[in-house]
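Q: Could you walk me through the charged pairs in this model, and then take a close look at one helix and its surroundings?

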Amino acid sequence: MELIIFIIIGYILGALPNGVWIGKYFKGIDIREHGSKNSGATNAYRVLGPKFGIMVLIADALKGFLPPFIASKFGVAGNSLLLIGMIAIIGHTLSFFLNFKGGKGVATSLGVFLFLIPQVTLTLLIIFIVVVAITKYISLGSIIAAIMLPILTYFYPTQNGLDKLPLLLMTSIIGIFVVYKHKSNIERLLKGTENKFKLK
């Protein structure tokens, strides 16, 4: 019963459409009608500006970090934390607040794995920053980080009492899912029409 409660909490927190709400509250616009029409942090940055884009990024990462973190404080451990984290990511990408649509899951995955496997996550963050700094493509940084997620998970030691095989399975599923959610970005990258990241 305790696990079910935290799964529900994980989904609800993950489903919170921070980008949409922040855009409507502070700017009076729905970011799904502008830019890439995505509800995540990258589009929020482009449409709402750096301050609100960073706000969305932090909020989306927190809704991934908090469900497994809170559950761990109530004695939930091991592979159950994996399940709660995955549900939070699913909540972000399939939000009932947005008719079961949502973002691409990168920021929320960052929050989940920052708690579950911090060493892997910090390495991926460095890789992401380097790729974006060189290419100016946030989408490419996200795609490469998603591909590297299960690879680094295999080589790094596990933490938080997690079993390697379930962790590898989850990171592989999330990595594939994030790449799939970037399919339109991949098409634009191949065509050379993808938007480059610019500091405002």
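A: Happy to. A salt bridge here is a side-chain nitrogen of Lys or Arg within 4 Å of a carboxyl oxygen of Asp or Glu. By this rule the count comes to 4 salt bridges. This is a predicted model, in which local features need pLDDT of at least 70 and side-chain atom pairs count only at pLDDT 80 or more, while totals for chains, interfaces and linings use all residues. Residues are numbered from 1 along each chain as its sequence is written, and side-chain values use heavy atoms, with hydrogens and water left out.

Let's begin with the charged pairs. Side chains of opposite charge can pair when their charged atoms come close. Lys24, Asp30 and Arg32 are linked in a network of salt bridges. For exposure, buried means under 20% relative accessible area, exposed over 50%, and partly exposed in between, using a 1.4 Å probe and protein chains only. Asp30 counts as buried at 10% relative accessibility. Lys24 is partly exposed at 44%, and Arg32 is partly exposed at 32%. Another salt bridge joins Glu194 to Arg188, with the closest N and O atoms 2.7 Å apart. Here Glu194 is buried, with a relative accessible area of 8%, while Arg188 is partly exposed at 27%.

Now for the helix, H9. Helices are DSSP runs (H or I, at least four residues), as strands are (E, at least two), numbered from the N terminus. Axes are lines fitted to C-alpha atoms, for helices over the stretch in contact, and angles run from 0 to 180 degrees between N-to-C directions. The axes of H5 (residues 79-93) and H9 (residues 164-181) come within 10 Å and cross at roughly 10°. That makes H5 roughly parallel to H9, since angles under 35 degrees count as roughly parallel, over 145 as roughly antiparallel, 65 to 115 as roughly perpendicular and the rest as oblique. Contact means heavy atoms within 4.5 Å. The residues in contact include Leu82, Met86 and Ile89 of H5 and Leu167, Met170 and Phe177 of H9. By class, this contact of H5 with H9 has 9 nonpolar, 3 polar and 1 charged residues. In that scheme Ala, Val, Leu, Ile, Met, Phe, Trp, Tyr, Cys and Pro count as nonpolar, Asp, Glu, Lys and Arg as charged, and the others, Gly among them, as polar.

H9 also packs against helix H10 (residues 183-191), at an angle of about 60° with the axes 4 Å apart. That makes H9 oblique to H10. Val179, Tyr180 and Lys181 in H9 meet Lys183, Asn185 and Ile186 in H10, and the residues of this contact divide into 3 nonpolar, 1 polar and 2 charged.

Thr171 lies in H9 and counts as buried at 0% relative accessibility. The side chain of Thr171 reaches the backbone oxygen of Leu168 at 3.1 Å. Leaving aside residues up to four places away in sequence, Thr171 touches Phe113, Ile117, Leu149, Pro150 and Thr153.

Notes. A polar contact is a pair of N or O atoms within 3.5 Å; within protein, one must be able to donate a hydrogen and the other to accept it, and residues adjacent in sequence count only if both atoms are side-chain atoms.
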